[in-house]
Amino acid sequence: MIKRRPLAVVALGGNALLRRGEPLSAKAQEASVAVAARSLALLSRTHRLAVTHGNGPQVGLLALQSEAGVGRAEPYPLDVLGAESEGMI
């Protein structure tokens with residue numbers, strides 16, 4: 001019988017990728033992702049991984065940007081902003 005590695009489900013909250021007080025930039029999020037990726041790489045040596053993430057701060061940022069454009073364009077609905085932030089992450 002083949003022994004399978006245990007499964008670890010890892011959920012990274014949106015705040016783990018874009019922390020309060022940090023610049024609201026892609027570069028800041030990329031730095032956070034790099035830290036998480038190093039830890040996940042170590043964990044993947046002993047476990048199978050299922051990785052998921054939140055996107056609350058990212059959606060909030062996109063909503064603020066969308067609202068700032070009021071008058072020039074109608075703000076995007078939250079479901080669209082959620083999909084956009086998922087793609088960005």
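Leaving aside its neighbours within four places in sequence, which residues is Gln29 in contact with? Gln29 is in contact with Leu17, Leu18 and Gln58, where contact means heavy atoms within 4.5 Å.

This is a predicted model, in which local features need pLDDT of at least 70 and side-chain atom pairs count only at pLDDT 80 or more, while totals for chains, interfaces and linings use all residues. Residues are numbered from 1 along each chain as its sequence is written, and side-chain values use heavy atoms, with hydrogens and water left out.

Gln29 is found in helix α2, and Gln58 belongs to helix α3, residues 56-68; helices (H or I, at least four residues) and strands (E, at least two) are DSSP runs, numbered from the N terminus. Once neighbours within four places in sequence are set aside, Gln58 is in contact with Gly14, Leu17, Leu18, Gln29, Ser85 and Ile89. A polar atom of the Gln58 side chain also lies 3.4 Å from the backbone oxygen of Gly14.

| Residue | Relative accessibility | Class |
|---|---|---|
| Gln58 | 2% | buried |
| Gln29 | 14% | buried |
| Pro75 | 27% | partly exposed |

Pro75 sits in the loop between α3 and α4 (78-88). Although Pro75 and Val35 are 40 residues apart in sequence, their C-alpha atoms are 33 Å apart in space.

The largest pocket holds about 220 Å³ of space. On a 1 Å grid over the protein atoms alone, a pocket is an open set of points where a 1.4 Å probe fits, with protein on both sides within 12 Å along at least five of seven lines, and lining residues have an atom within 4 Å of a point. A volume is the space filled by probe spheres set on the points, which are joined across faces, edges and corners. Helix α2 (residues 26-43) gives the most to this lining, with seven residues, and the lining residues include Leu17, Gln29, His53 and Ile89. By class, nine residues of the lining are nonpolar, two polar and one charged; Ala, Val, Leu, Ile, Met, Phe, Trp, Tyr, Cys and Pro count as nonpolar, Asp, Glu, Lys and Arg as charged, and the others, Gly among them, as polar.

Strand β1 (residues 7-12) has a covered face formed by Ala8, Val10 and Leu12, and an uncovered one formed by Leu7, Val9 and Ala11. β1 pairs with strand β2 (residues 48-53) in the parallel sense over six bridges, pairing requiring that DSSP finds at least two bridges between two strands. Leu7 stands opposite Arg48 in β2.

Technical notes
Buried < 20%, exposed > 50% of the residue type's maximum accessible area, 1.4 Å probe, protein only. Polar contact = N/O pair within 3.5 Å; in protein donor to acceptor, adjacent residues only side chain to side chain.
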